[in-house]
Amino acid sequence: MKDKQKKDNLEIFASAPIPKAVLTNTIPAMVAMLMVLVYNLADTFFIGQTHNALMVAAVSLATPVFLLFMALGTIFGIGGTSVISRAMGEGRKDYARHVCAFCFWMCVIVGIAFAALILIFMDPILKLIGASSDTWDYAKQYLSIVAFGGPFVLIANCYANIIRSEGKAGTAMIGQLAGNLLNVILDPIMILGFGWNVAGAALATTLSNVAGAAFYIVYLTSGKSMLTIRLKDFSARDDIMKNVLAIGIPASIGDILMSVSNIVANALVASYGDMAVAGFGVAMKVTMITGMICIGFGQGVQPLLGYCTGARNWDRFQRSLRFSVIFALMLSTVMTILCYVFTGQIVSAFLTETAAYDYAVHFARILLTTSFLFGMFYVFSNALQAMGAALSALIINLSRQGFVYIPCLYIFNSLFGVNGLLWAQPAADIVSVILVIVLFGITYRKMKSRS
């Protein structure tokens, strides 16, 4: 029975009607990304209920360090998904199992090593992130707790992607939902109910990641999966490490640059006052609604495109991509229109102060001018990862939030002031979409001609 279920999962990749093949994998991924959005908003909301600005500031300072754990998990999650899905398409199931085991144990090793570095170099890290004498103890408390859950953060983030490579998008979604829902439940209990404040937030975050990791470990050891995490199946030979890192590192660099660019943008917006900073933060949340859904869609379609690449089934690849691009463009356009129409209502859920509210509405409508392009961008960028185009994927991830966006921030700010700062993101979006389409076209023609 289990063997039949495993075969059926790959049959979706191999022969199911294109709409079914795409939507079976993308809908769970989009739901999971929506839960990530809810989880992020809930965390900020309940810390805010302490009415202690120093606690909010401390958690804000510490969060980018915590997100580095997720970026490290992305190396093995996105890299492993690309390699495994292509191996499945080639019929190399044993190789896929070795890749899966490699990713798991590397998550454990890297997670422990990075946690140790944070605990050992805690004081220099706190200085680096800008902790003041008032926020120092809170930030230290938060980082000390989440560091102990480091390996679990890597595993949960990694296998939320890898499980989709065998066609089990629903199972991948359940693992993410379990962790995110637990965090939303524990936040008010530990932060407000027990009065543990920052420690409660850190503990809720840690336990939710332990729960997500535990779900995936149980699934992978239950015999229901074609993949394995057994230590005896761990191997870095046959270019396993090289292939995983070639795709995974560019993907993680994109996550890191996204954090860096947000830090730069916040610093520039701060020169226009606290209300502008508050408005900018909420405006980013408005565009995140469309962005998160499109990220989920792109990640969901990647295993299907990777399978087609491995099987050298370029006709199915092309039809899957065409359907995905059209669907994603329609989806992101509808979400952009909804966010634009209801901008005021969304902003009012976070801000009541008039100046900050006005900034947020104005900023959000500038950022939304190009958010309808998100769907296309994430489909094409994930298609490059699915094809194993390491260099092209690296260029895209370095460009959108790094080489294009950050220079635009400084140039537009000097020329047009605070409005220019906001128009830097739409400008970067347009350049990035053009670039990703061009790179995809070049890569696709090369790979098709070789096979």
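Gln-385 is buried, with a relative accessible area of 8%; buried means under 20% with a 1.4 Å probe, protein chains only. This is a predicted model, where local features need pLDDT of at least 70 and side-chain atom pairs count only at pLDDT 80 or more, while totals for chains, interfaces and linings use all residues. Residues are numbered from 1 along each chain as its sequence is written, and side-chain values use heavy atoms, with hydrogens and water left out.

Gln-385 sits in helix H15, residues 374–386; helices are DSSP runs of H or I, at least four residues, numbered from the N terminus. Setting aside neighbours within four places in sequence, Gln-385 is in contact (heavy atoms within 4.5 Å) with Ile-78, Ser-82, Ile-247, Ala-251, Gln-302, Ala-393 and Asn-397.

Next, the core. A nonpolar core is a set of buried Ala, Val, Leu, Ile, Met, Phe, Trp, Tyr and Cys residues joined through side-chain atoms within 4.5 Å. The largest one has 137 residues, and Phe-76, Cys-103, Tyr-159, Phe-317, Leu-321 and Phe-440 have the most contacts inside it. Helix H11, residues 274–310, gives the most to this core, with 17 residues. Beyond its neighbours within four places in sequence, Leu-321 touches Leu-305, Val-379, Phe-380, Ala-383 and Phe-440.

Last, the pocket. A pocket is an open set of points on a 1 Å grid over the protein atoms alone, where a 1.4 Å probe fits, with protein on both sides within 12 Å along at least five of seven lines; lining residues have an atom within 4 Å of a point. The second largest pocket is lined by 29 residues, and Arg-86, Met-387, Gly-388, Ala-389 and Met-447 lie nearest its centre. H17 supplies the largest share of that lining, six residues.

How values were computed:
Buried means under 20% relative accessible area, exposed over 50%, partly exposed in between (1.4 Å probe, protein chains only). Helices (H or I, at least four residues) and strands (E, at least two) are DSSP runs, numbered from the N terminus.
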